[in-house]
Amino acid sequence: MSFKQYPPFKQYPRQSRQLLAYVFAGGITAVAHYALLIGLVELGHVDPVPATLAGFVLGAIVSYSLNRWLTFDATHSHAQATWRFALIAAGGFVLTGVLMHLFVGKLGLPYLQMQLVTTGIVMVFSFLGHKFFSFADRAE
């Protein structure tokens, strides 16, 4: 069931509903990612770059589940969508690692603030990749 099936959202254009669902799913994904990141850094004393990559993996699992079900009316089977999603997620994983290494490792900036910046950049990359590649975009 996607957002388009809930009466309060039927009045909005398809693209708006899809973006709203993506932001909602992204919020839940971010909570999972950040919880693991902060837990590993603050409690486990893990370096922020590998900690954020571990959080990214957890977030990717949450993201796939929510976005396939809630955001995109996927027309690809799980077998087709999974490898496509994994390819976009791998790009996001690399982008996250590079940005966090640059911001935190090289520039010495605070990891949580830089994770917010990185999340914004990777969110745009991921939305476009998933919309146009991972999940077939069903027209209404």
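User: Is the crossing of H4 and H5 left-handed or right-handed?

Analyst: The crossing of H4 and H5 is right-handed; the label is right-handed if the near helix is turned clockwise from the far one by less than a right angle, left-handed if anticlockwise. This is a predicted model, where local features need pLDDT of at least 70 and side-chain atom pairs 80 or more, while totals for chains, interfaces and linings use all residues. Residues are numbered from 1 along each chain, and side-chain values use heavy atoms, without hydrogens or water.

User: How do I read the packing of H4 on H5?

Analyst: Two packed helices are described by the angle and the distance between their axes. For H4 (residues 78–106) and H5 (residues 111–134), the axes come within 9 Å and cross at roughly 155°. That makes H4 roughly antiparallel to H5 (over 145 degrees; under 35 is roughly parallel, 65 to 115 roughly perpendicular, the rest oblique). Their contact has 18 nonpolar, 9 polar and 1 charged residues; Asp, Glu, Lys and Arg count as charged, Ala, Val, Leu, Ile, Met, Phe, Trp, Tyr, Cys and Pro as nonpolar, the others as polar.

User: Which aromatic pair links H2 and H5?

Analyst: Rings of Phe, Tyr and Trp (its six-membered ring) pair if their centres lie within 6.5 Å, with planes under 30 degrees apart stacked, over 60 edge-to-face and the rest tilted. The count here is 4 aromatic pairs. One of them is Tyr22 with Phe127, edge-to-face at 4.7 Å centre to centre and 65° between the planes. Tyr22 sits in H2 and Phe127 in H5, so this pair ties together parts that are 105 residues apart in sequence.

User: What lines the largest cavity?

Analyst: A cavity is a set of points on a 1 Å grid where a 1.4 Å probe fits but cannot get out, and lining residues have an atom within 4 Å of a point. There are 2 cavities of 30 Å³ or more, and the largest has a volume of about 330 Å³. Its lining has 23 residues, with Thr29, Phe56, Ser63, Val122 and Ser126 nearest the centre. Helices H2 (14–43), H3 (48–71), H4 and H5 each give two or more residues to that lining. By class, the lining of the largest cavity has 10 nonpolar, 13 polar and no charged residues.

Conventions:
Axes fitted to C-alpha atoms, helices over the stretch in contact; angles between N-to-C directions. Helix = DSSP H or I, 4+ residues; strand = E, 2+ residues; numbered from the N terminus. 1 Å grid on protein atoms, 1.4 Å probe; cavity = no way out; pocket = protein on both sides within 12 Å on 5 of 7 lines; lining within 4 Å. Points joined across faces, edges and corners; volume = space filled by probe spheres on them.
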